[in-house]
Amino acid sequence: MARKILRINMTDLKATYEDIPQKWAKWAGRGLTSSIIADEVDPLCHPLGPNNKLAIAPGWVSGTPAAPSSGRTSFGGKSPLTGGIKEANSGGISSQKIAKLGIAAIILEGQPKDGKWYSIVVNKNGVTFEDASDLAGKGMVEVADRMWQRYPHKPAVIGIGPVGERKLSNAGISVNDPENHPGRYAGRGGLGAVMGARGVKTIVVDDEGGPGVDIADEPLFKQGRQKLTKAIQAHDLTKKNGGLNSYGTNVLMNIINEAGGLPTRNFSSGQFEGAAKISGEMIAEMVDKRKAGMTGHGCHPGCIIKCSNVYPGPDGNIITSPLEYETAMSLGSNCGIDDLDFVAKMTQRCNDLGLDTIEAGNTIAIAMEAGLLPFGDKEGALALFDDIAKGTPLGRILGQGVAATASAFGVYRVPVVKGQSMPAYEPRVIKGIGFTYATTTMGADHTSGYTIAPEIAGVGGKVDPMTAEGKAELSLTFQAATAFIDSTGYCLFIAFPILDIAEGWAGMAETVAGVMGLNVTGADVVPLGKEILKVERLFNERAGFTKEDDRLPEFMLHEPVPPHNTVWDVPNEVVDRVYAWVHEE
Amino acid sequence: MLVDVAIYGKLAHLLGGKFVATQEISLPDNAKVKELYSLIGIYPEETSYVFINAVLSDMPGLHVVLEDELHDGDHIGIFSVGYMWPYQYREGAAISRRVQTALAERGALQHSTKPIIP
């Protein structure tokens, strides 16, 4: 069965299955969501108004039998946080289920005339619209529980918490994991508010009896799958008991702290004296000591990396899942908080209320800098989530994210690019990431520029880690490769084994070619990725963005950050080289 | 002289920790890292990233830190094998001269103990 576009119009409460137009036929995942938004959304529209849309798409290989670690779902729309195009992708169980129903993308558009909240149920029989008034105001933990009680076959639950209902700019979109924890987020950029503005509280996806995913060239797909699986299982970082499997993404906490690049106390320092206490190693120690929870947890069926964790409290009861590096930075070091149990409790409040953890923690750090509470005040920080839950005026300001909170409280040190706050790598110290923070269309984003194999990028012999020379070109290549991987449905962490093991890279491309029947090889990755970047860049230009928006915040130009005491000193014209090609190619 | 030592991962047991251990260790003046390793009982092949005063001084598979001298008050962070620091998150960070030289020869993008450029 050919893949279809499922268009859901909330104004008329109608769902239609459409053939995929030729212009979108080769795309999936991020390539498809960004193409849909660029083609169908007025770049000048208000993100919360009737003319914005939410596009949801699984990747090329999502839903295929045992493609390893391929459970990413892309969400796209015009971002209320940045004002530009946004793609945020999530783990969890939605990607494979949407794909197995033969759906290439769901386009959510319009707004209900009656102003009610709706649940949309998608299964093999089609789409039903159900009154979700009983779910209004509920957190995602309760919503996910109720959906599994109400519907058979343990469906995917895509949903928004109270923050998304209030249409605040730091609202994420939750996806449940195999145990129905709602902690997988298309977190960044406020797409939860875009979903809320369509009047949709949840989308429930049940793939039982669905047609499954067609594979155009089964032998090629199987050959690629075997190569990729072997590479993932062989690599030091992604194999069983490797770095990611043992300590999760928070394996980076101590490394970045040792390097002096860990954002601390609202980006005023690059080292935190309490880093080890909130690290991945400490999570593993707590799991061991409390004899509860786990490391090596998979966020979706078929993941063989399993970088997730389930974090237990002192009594053995589970506090949250997952507890990741970016979260431990934003709610931990950046707030001066070194108590892992409190970081976990705040993470769970984010997951339940529907907040992006990076933006939420960085926002609390702004409140601390403003003097609302002192750095390190863990009880005070946790209590702020009560304000967000109740929707008090303070809670609504905090729910708008870093930039809005800084404006409300008169703070100058505002670590944002295009309105989105920075993840867990200080760009004055780790300057390569600064290029990507500055130039990506997504706002400051750590997942926009993943490393790929130098022989693919054509940069193998040209990289000198100590000079700015070539860094713009490198950032572009990484951003293009990442846009491609974001379209596959594969987790970005396959980047490590496919970088170091050539067979893995070939295998990844072969699985995509095998499923789609496209003539895709490793050599096509960067050109295809650049096509996606161009679509996104041109959308932002039409929305009013210029190269002057590709800048790191002013304070980073003149405030040295200890311990290295360096500033961001890369000339603007060097940064501008990253996207100089857009109007030339 | 006293050196502040932190060990992360499986080797932490050598200083009495499970996955993280820190300790001030007394060494002869101007002792080299290999002498510290010997005192603690670390084999170089068991290590991956090593930082001295926030400068990256060794990487998986390189083992170039052994001859680096330590000084009173220095901090050294030693990571066991199996750690990752993706290129995109370390590009532009402070790197010792020995690591720079090794990367120039072996390629800067590697993530594992095996060099990707033969």
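Modeller: Of the 585 residues in chain A, 64% are buried. This is a predicted model, and the account below should be read with that in mind. Chain A contains 23 helices and 17 strands. Its radius of gyration is 22 Å, close to the 25 Å that the globule rule gives for 585 residues, so chain A is as compact as a globular protein of that length. Along the principal axes, the C-alpha atoms of chain A fill a box of roughly 60 × 60 × 50 Å. Among the contacts in chain A with a separation of 6 or more, 73% are between residues 24 or more positions apart.

One pairing can be followed in detail: β3 (residues 54–58) and β6 (residues 103–109) of chain A run antiparallel and are joined by 3 bridges. A:Leu54, for example, has A:Leu108 in β6(A) as its bridge partner.

The next step is the division into domains. Chain A is divided into domain 1 (4–205), domain 2 (236–414) and domain 3 (431–500 + 521–575). The centres of domain 1 and domain 2 of chain A, taken over C-alpha atoms, are separated by 25 Å. Where these two domains of chain A meet, 36 residues of domain 1 are in contact with 29 residues of domain 2. On the side of domain 1 that touches domain 2, α3 (140–150), α4 (162–165) and β11 (184–186) of chain A each supply at least two residues. The largest share of that side, 3 residues, comes from α4(A). By class, the side has 15 nonpolar, 17 polar and 4 charged residues.

One backbone detail deserves attention here. A:His153 is found in the loop between α3 and β9 (156–159) of chain A. Its phi is near 70 degrees, a positive value in a residue other than glycine. Most residues other than glycine have a negative phi, and most peptide bonds are trans. A:His153 has 13 C-beta neighbours inside 10 Å and therefore counts as partly exposed.

Peptide bonds supply two further details. A cis peptide bond joins A:Ser321 and A:Pro322, with omega about -5 degrees, and A:Pro322 is found in the loop between β15 (318–320) and α10 (325–331) of chain A. Another cis peptide bond joins A:Pro562 and A:Pro563, with omega about 10 degrees; A:Pro563 lies in the loop between α22 (555–558) and α23 of chain A.

In helix α16 (residues 431–439) of chain A, 8 of the 9 residues are buried, and the helix is mostly covered. The buried residues of α16(A) include A:Ile433, A:Phe435 and A:Tyr437. Among the elements of chain A that cover them are β16 (416–417), α18 (471–488) and α23 (572–575).

Methods. Residues numbered from 1 in each chain as written. Chains lettered and ligands numbered in written order. Predicted model: local features only at pLDDT ≥ 70, side-chain atom pairs only at ≥ 80, totals over all residues. Helix = DSSP H or I, 4+ residues; strand = E, 2+ residues; numbered from the N terminus. Rg over C-alpha atoms; globule rule 2.2 N^0.38 Å. Buried ≥ 20, exposed ≤ 12 C-beta atoms within 10 Å, placed from the backbone. Contact = placed C-beta atoms within 7 Å. Pairing = 2+ DSSP bridges. Domains from an automatic or database assignment. Nonpolar A, V, L, I, M, F, W, Y, C, P; charged D, E, K, R; others polar.
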